[in-house]
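Student: I would like to learn how to read packing and pairing features from a model. Can we work through one together?
Tutor: Let us look at it.

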Amino acid sequence: TPSPTLTETPVPSFDMEFIGYIKCAGWRIKIQITNTSSQPFKSAKIVVKDEVTEVELTANLDDFTELNGCLPTATKEMIKPGETFLISSPQFDTNPKNHQFRAFITLCTEKGQSEGCITRKLNFKP
């Protein structure tokens with residue numbers, strides 16, 4: 001009798017890096033995401049906390065919008081495998097310079113942050 005062949009379930013994965021911040025009406029933190037898995041990411045949850053002011057902001061995304069300065073320039077439905085994309089935090093009211101931050105980024109393989117999710121933590125100081 002033949003033996004069953006096990007197929008590994010792909011595990012979502014990504015790298016992230018603090019890139020900088022931009023000033024618009026307030027300040028937005030920019031984080032570079034690189035999809036290192038074999039699956040596209042279709043939604044995200046971003047939680048960024050300023051450890052100095054204790055302000056924590058959250059955004060749920062079902063698409064990914066790239067900002068050129070303060071203006072949106074392109075919107076993507078997904079971050080494909082091997083693709084790099086800059087995401088921006090919700091807008092902070094105080095200048096982040098020299099503040100300590102903590103970010104939790106959750107990327108998911110389905111819309112609505114519903115399936116295939118993985119969360120990574122990043123500590124940084126602009």
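Student: Are phenylalanine 64 and phenylalanine 85 buried or exposed?

Tutor: A caution comes before the answer: this is a predicted model, where local features need pLDDT of at least 70, side-chain atom pairs count only at pLDDT 80 or more, and totals for chains, interfaces and linings use all residues. Residues are numbered from 1 along each chain as its sequence is written, and side-chain values use heavy atoms, with hydrogens and water left out. Now the term: buried means under 20% relative accessible area, exposed over 50%, and partly exposed in between, with a 1.4 Å probe and protein chains only. Phenylalanine 64 and phenylalanine 85 are both buried.

Student: How many aromatic pairs does the structure hold?

Tutor: Rings of Phe, Tyr and Trp (its six-membered ring) pair if their centres lie within 6.5 Å. Planes under 30 degrees apart count as stacked, over 60 as edge-to-face, and the rest as tilted. The structure holds 5 such pairs. In one of them, phenylalanine 64 and phenylalanine 85 have ring centres 6.2 Å apart and planes at 70°, so this pair is edge-to-face.

Student: Which parts of the chain does that pair link?

Tutor: Strands (E, at least two residues) and helices (H or I, at least four) are DSSP runs, numbered from the N terminus. Phenylalanine 64 is in strand 5 (residues 64-68) and phenylalanine 85 in strand 7 (residues 84-88). The two residues are 21 apart, and the pair links distant parts of the chain.

Student: What kind of pair do phenylalanine 101 and phenylalanine 124 form?

Tutor: A stacked one, at 5.5 Å centre to centre with 5° between the planes. Phenylalanine 101 lies in strand 8 (residues 101-108) and phenylalanine 124 in strand 9 (residues 118-124), so the pair ties together parts 23 residues apart in sequence. Phenylalanine 101 and phenylalanine 124 are buried. They also belong to one aromatic cluster with Phe18 and Phe92.

Student: Where does the charged end of lysine 23 sit?

Tutor: A charge sits over a ring if NZ of Lys or CZ of Arg is within 6 Å of the ring centre and within 35 degrees of the ring normal. The charged end of lysine 23 is over the ring of tryptophan 27, 4.9 Å from its centre. Arginine 120 lies over the face of phenylalanine 14, at 5.8 Å from the ring centre.

Student: In what order do the 4 strands of the open sheet run?

Tutor: Two strands pair if DSSP finds at least two bridges between them. The order here is 4-3-8-9, with antiparallel pairing. Strand 4 (55-61) and strand 9 are the edges, each pairing on one side only. Inside the sheet, strand 3 (residues 43-50) pairs with strand 8 over 8 bridges. There, aspartate 50 has phenylalanine 101 as its bridge partner.

Student: How do strand 5 and strand 6 pair?

Tutor: They are antiparallel, over 5 bridges. Leucine 67 has proline 72 in strand 6 as its bridge partner. The hairpin has 2 residues between the strands, and glycine 69 takes a positive phi near 70°. Strand 6 (residues 71-76) is hardly covered: its count of buried residues is 0 among 6.

Student: Which residues is threonine 119 in contact with, neighbours within four places aside?

Tutor: Contact means heavy atoms within 4.5 Å. Threonine 119 touches Phe104, Ile105 and Thr106 in that sense. Threonine 119 lies in strand 9 and, at 45% relative accessibility, counts as partly exposed.
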